[in-house]
Amino acid sequence: MDSNEQVLTVFQTRIRQLILRYKQLDKENSELYTMVSEAERNIKELREELERKTNDYDSLKMARMIAVSDGDIEAARARLSKLIRDVNKCIAVLTEQK
């Protein structure tokens, strides 16, 4: 009977260890799901911001092209080049944030 009690004690100990491990893994799993949700939310926000900036860029480009017909072509080209550099910088910043 003593050996049966010893086996039962070992079994109970193993069960407790398994339960503790399960709780640890469950907690880690929850944390990982939270991290994934936050990352997905962040990606969504960045995509929306990129879309807004792309739309702004397209609007500015059209406005500058219309302004070119009324003004100095070289000055318009310089302004357009500066805008393109600014947009490229914005895109680079957004890309780095991903």
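These notebook entries record what I looked up in the structure.

**Basis.** I worked from a predicted model, in which local features need pLDDT of at least 70 and side-chain atom pairs count only at pLDDT 80 or more, while totals for chains, interfaces and linings use all residues. Residues are numbered from 1 along each chain as its sequence is written, and side-chain values use heavy atoms, with hydrogens and water left out.

**Overall form.** I looked up the secondary structure and found two helices and zero strands in the protein chain. Both terms refer to DSSP runs numbered from the N terminus: helices are H or I of at least four residues, strands are E of at least two. I then noted a radius of gyration of 30 Å for the protein chain, whereas a compact globule of 98 residues would have one near 13 Å. That radius is taken over C-alpha atoms, and the globule rule is 2.2 Å times the number of residues to the power 0.38. Along the principal axes, the C-alpha atoms fill a box of roughly 105 × 15 × 10 Å.

**Burial.** I found that 7% of the 98 residues count as buried. Buried means under 20% relative accessible area, exposed means over 50%, and partly exposed lies in between (1.4 Å probe, protein chains only). I checked Ala-76, which is found in helix α2 (residues 73-97); Ala-76 is buried, with a relative accessible area of 4%. Ala-76 and Leu-46 are 30 residues apart in sequence and 30 Å apart in space, C-alpha to C-alpha.

**Salt bridges.** I found two salt bridges in the structure. The term requires a side-chain nitrogen of Lys or Arg within 4 Å of a carboxyl oxygen of Asp or Glu. Side chains of opposite charge can pair when their charged atoms come close.

Glu-45 is partly exposed at 39% relative accessible area, and Arg-41 is partly exposed at 48%.

I turned next to Asp-86 and Lys-82, which form a salt bridge with the closest N and O atoms 3.2 Å apart. Being four residues apart in helix α2, Asp-86 and Lys-82 are also separated by about one helical turn. I recorded both as partly exposed: Asp-86 has a relative accessible area of 29%, and Lys-82 has 46%.
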